[in-house]
Amino acid sequence: MYLENKDGLIAGADARIGWVTFSKSGKSVYYQGKEFARLSGGGIRGNYYDVDTGDEYWISGVKKSGSNTHASASAKVVIDEDARDAVKALRNGKS
């Protein structure tokens with residue numbers, strides 16, 4: 001999944017692509033020991049928030065084109081080591 005912290009960095013990067021897990025209800029996402037809950041009614045800049053800090057995040061599927069960042073914004077995206085092969089396959093049309 002693509003994760004972008006709208007209020008700061010994620011492990012030293014503006015945005016990251018990595019593996020997440022979901023709660024049984026699908027309303028929460030877990031990544032690197034953090035829990036993100038869906039913003040009901042939509043947030044100002046994100047669709048999830050960090051339950052510990054309240055920071056807003058944009059969390060979405062990884063786009064094949066690699067254009068996950070908003071068109072009017074720029075973000076340095078880091079791909080987690082364990083997700084690199086899957087992202088490469090997606091972008092090469094092999095998934």
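In strand β1, Y2 and E4 point one way while L3 and N5 point the other way, and all are buried (buried means under 20% relative accessible area, exposed over 50%, and partly exposed in between, with a 1.4 Å probe and protein chains only). In a regular strand the side chains alternate between the two faces of the sheet. The model is predicted: local features need pLDDT of at least 70, side-chain atom pairs count only at pLDDT 80 or more, and totals for chains, interfaces and linings use all residues. Residues are numbered from 1 along each chain as its sequence is written, and side-chain values use heavy atoms, with hydrogens and water left out.

**Sheet**

- Eight strands form an open sheet with mixed pairing, in the order β3-β4-β5-β6-β7-β1-β2-β8. Strands (E, at least two residues) and helices (H or I, at least four) are DSSP runs, numbered from the N terminus; two strands pair if DSSP finds at least two bridges between them.
- The edges are β3 (21-22) and β8 (77-79), each with a single partner strand, so one side of each has no neighbour in the sheet.
- Strand β1 (residues 2-5) runs antiparallel to β7 (residues 56-60), and four bridges join them. In β7, the bridge partner of Y2 is S60, and that of L3 is I59.
- β1 also pairs with β2 in the antiparallel sense, over three bridges. Here the bridge partner of E4 is A15 in β2.

**Salt bridges**

- The count comes to four salt bridges, where a salt bridge is a side-chain nitrogen of Lys or Arg within 4 Å of a carboxyl oxygen of Asp or Glu. Side chains of opposite charge can pair when their charged atoms come close.
- E4 and K6 meet through their side chains in one of these, at 3.1 Å from N to O. E4 is buried, with a relative accessible area of 9%, whereas K6 is partly exposed at 24%.
- D80 pairs with R16, and their closest N and O atoms are 3.0 Å apart.
- D50 pairs with K34, with 3.2 Å between the closest N and O atoms. This pair links distant parts of the chain, D50 being in strand β6 (residues 48-50) and K34 in strand β5, 16 residues apart. D50 is buried, with a relative accessible area of 1%, while K34 is partly exposed at 33%.

**Loop residues**

- S23 lies in the loop between β3 and β4 (28-31) and counts as buried, at 18% relative accessibility.
- A polar atom of the S23 side chain lies 3.4 Å from the backbone nitrogen of K27.
- Leaving aside neighbours within four places in sequence, S23 is in contact (heavy atoms within 4.5 Å) with S28 and Y30.
- A11, in the loop between β1 and β2 (15-17), has a positive phi of about 50° although it is not a glycine. A11 is exposed, with a relative accessible area of 59%.
- Q32 lies in the loop between β4 and β5 (34-38). Q32 is not a glycine, yet its phi is positive, at about 45°. At 48% relative accessibility, Q32 counts as partly exposed.

Definitions and conventions: Polar contact = N/O pair within 3.5 Å; in protein donor to acceptor, adjacent residues only side chain to side chain.
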